[in-house]
Amino acid sequence: MAEPNSSSLTRAFPVKPKLKSKPRTPKQTPESKYWSSFKRHEIPNLVSSVSSIAFSPTNPSIFCATHSASLTLFSTQTMAATSTISSFRDVVTCASFRCDGLLIAASDLSGLVQVFDVKTRTPLRKLRSHSHPVQFVQYPVLDKLHLVSGGDDAIVKYWDVASQTPISDFLGHKDYVRCGACSPASMDMFITGSYDHTVKLWDARTNSKSVLEVNHGKPVEDVIFLPSGGLVATAGGNSVKIWDVIGGGKIVCSMESHNKTVTSLCVGKKLGQDSGEESDQFRILSVALDGYMKVFDYSNMKVTHSMRFPTPLMSVGFSPDCSTRVIGTSNGILYAGKRKTKEATLSNLSNPWSLGTGEPQRRVLRPSHFRYFHRGQGEKPTEGDYLVMKPKKVKLTEHDKLLKKFRHKDALVSVLASRNPENVVAVMEELVARKKLLKCISNLDRDELGLLLVFLQKHSTLPRYSRLLMGLTRKVLELRTEDVRASGALKDHVRNLKRSVDEEIRIQQSLLKIQGIISPLLRIAGR
């Protein structure tokens with residue numbers, strides 16, 4: 001039977017290893033790609049620890065950060081400070097925007113709650129009633145007339161801002177009240193968390209005991225309502241727990257992925273690729289003293305993304321338009337991440353003279369313009385263009401050309417001389433598929449057999465290649481026993497090969513002993 005002609009093969013492709021090892025680190029999921037798309041921008045030189053971050057509900061381009069005895073307003077467009085409010089006598093602990101974004105309330109450790117005009121920074125109201133430091137202050141959703149505050153006196157106060165007097169004092173906590181949040185479903189419902197391990201749900205219409213109480217198990221650092229208004233997330237110790245307040249305070253899930261105390265929570269929104277409400281999903285963002293920010297998908301009960309920062313984290317905030325994420329640290333640094341949205345890109349294209357930059361942007365060419373038909377090869381295609389791809393010429397290496405000509409032994413010798421283990425294994429797998437590998441080994445001369453034994457000695461014990469090469473080593477020694485005995489150089493290669501195999505066996509036995517020691521400990525820890 002005549003040997004097939006190489007010209008009968010219309011196309012040839014380079015051989016690739018089939019037993020390629022899988023990467024240890026998994027590929028980035030769409031969730032991780034989304035949260036990693038926020039470009040990090042560092043804002044340094046704040047005086048001390050950033051205790052609170054809040055975004056304006058009506059103007060997402062403004063957010064505030066409290067640090068030391070100051071409250072600073074920032075712009076998300078430039079990530080620079082626009083104004084600072086410094087009329088505080090002590091450290092500022094918390095800040096909250098009113099629903100229209102025109103006023104901002106802030107509390108400090110002196111026990112004073114102040115209301116400021118955002119544009120003029122003028123203090124409009126000063127609320128004095130707390131006898132101890134105030135730890136949180138919140139505007140109820142869609143309510144412009146009232147405030148909720150709590151502090152180290154274990155009292156929660158419901159204020160009438162216009163008259164600067166507390167309407168109700170809610171008693172029930174036995175330790176410092178550290179945090180609180182107002183319900184998105186009702187202007188009269190709010191929750192508070194305390195160092196007495198409890199989280200209480202209050203109704204401003206009833207000046208009595210709490211409507212609901214749950215025990216977190218550890219001092220509570222932060223509480224938030226989830227968007228539906230029926231679920232509450234609490235942070236304390238190294239755990240974040242979700243509770244069903246409509247179902248009577250039943251715990252839904254508990255996340256313990258942090259190694260140190262969780263300091264702050266907020267709700268973030270993951271925008272989907274498709275239009276529709278099903279593609280947009282809410283997430284819980286948590287930060288802790290271990291320097292990690294975790295993204296928790298509470299619908300599937302799992303952590304979907306994690307990000308490491310060099311310092312302990314104290315606060316986190318997420319803009320209403322889902323374009324900016326800000327994290328405050330214990331050493332006065334803000335890590336602001338901004339995501340480039342498609343709408344911003346389209347607005348830049350439609351407005352070639354961007355305000356504030358002073359530099360004209362390049363105009364988009366239209367088919368009605370003569371320059372549209374004189375574009376060069378370097379022009380990038382637009383979204384609606386139809387692309388005609390030019391097929392790339394396949395470059396074949398020396399061993400691929402020899403395989404194409406069915407010169408199997410020469411291809412094996414050529415790839416062994418290249419000393420590339422992936423290519424050698426790929427050629428061997430191709431020869432196995434053609435049922436020619438053993439015949440090629442039988443036809444090798446002593447020098448070529450020495451090349452093969454050196455390769456087996458170096459790579460046969462590697463896990464990614466051992467499945468093929470260990471069986472091949474046994475076949476080589478069976479087929480070429482007489483040649484090995486007749487040559488001193490080949491004996492040395494076989495001796496080195498035996499030494500490598502013995503060393504690998506010793507390592508595997510040591511690993512089995514270590515596994516036997518660790519397995520009972522892991523089983524006990526799992527219980």
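Two strands count as paired if DSSP finds at least two bridges between them, and in this predicted model strand 19 (residues 231-236) and strand 20 (residues 239-244) pair in the antiparallel sense over 6 bridges.

**Helix 5**
- Helix 5 (residues 421-433) has 13 residues and reaches 18 Å from its first C-alpha to its last, close to the 18 Å expected at 1.5 Å a residue.
- Its buried residues, including Val 424, Met 428 and Leu 431, pack against helix 3 (398-404), helix 4 (408-418), helix 6 (437-442), helix 7 (446-459) and helix 8 (463-479).

**Salt bridges**
- Lys 409 and Glu 448 meet through their side chains in a salt bridge (3.6 Å, N to O); Lys 409 lies in helix 4 and Glu 448 in helix 7, so the pair ties together parts that are 39 residues apart in sequence.
- Lys 409 is partly exposed, with a relative accessible area of 28%, whereas Glu 448 is buried at 16%.
- Asp 100 forms a salt bridge with Arg 98, with the closest N and O atoms 2.6 Å apart, and both residues are buried.

Notes. Residues numbered from 1 in each chain as written. Predicted model: local features only at pLDDT ≥ 70, side-chain atom pairs only at ≥ 80, totals over all residues. Heavy atoms only, no water. Helix = DSSP H or I, 4+ residues; strand = E, 2+ residues; numbered from the N terminus. Expected span 1.5 Å × (residues − 1). Buried < 20%, exposed > 50% of the residue type's maximum accessible area, 1.4 Å probe, protein only. Contact = heavy atoms within 4.5 Å. Salt bridge = Lys/Arg side-chain N within 4 Å of Asp/Glu carboxyl O.
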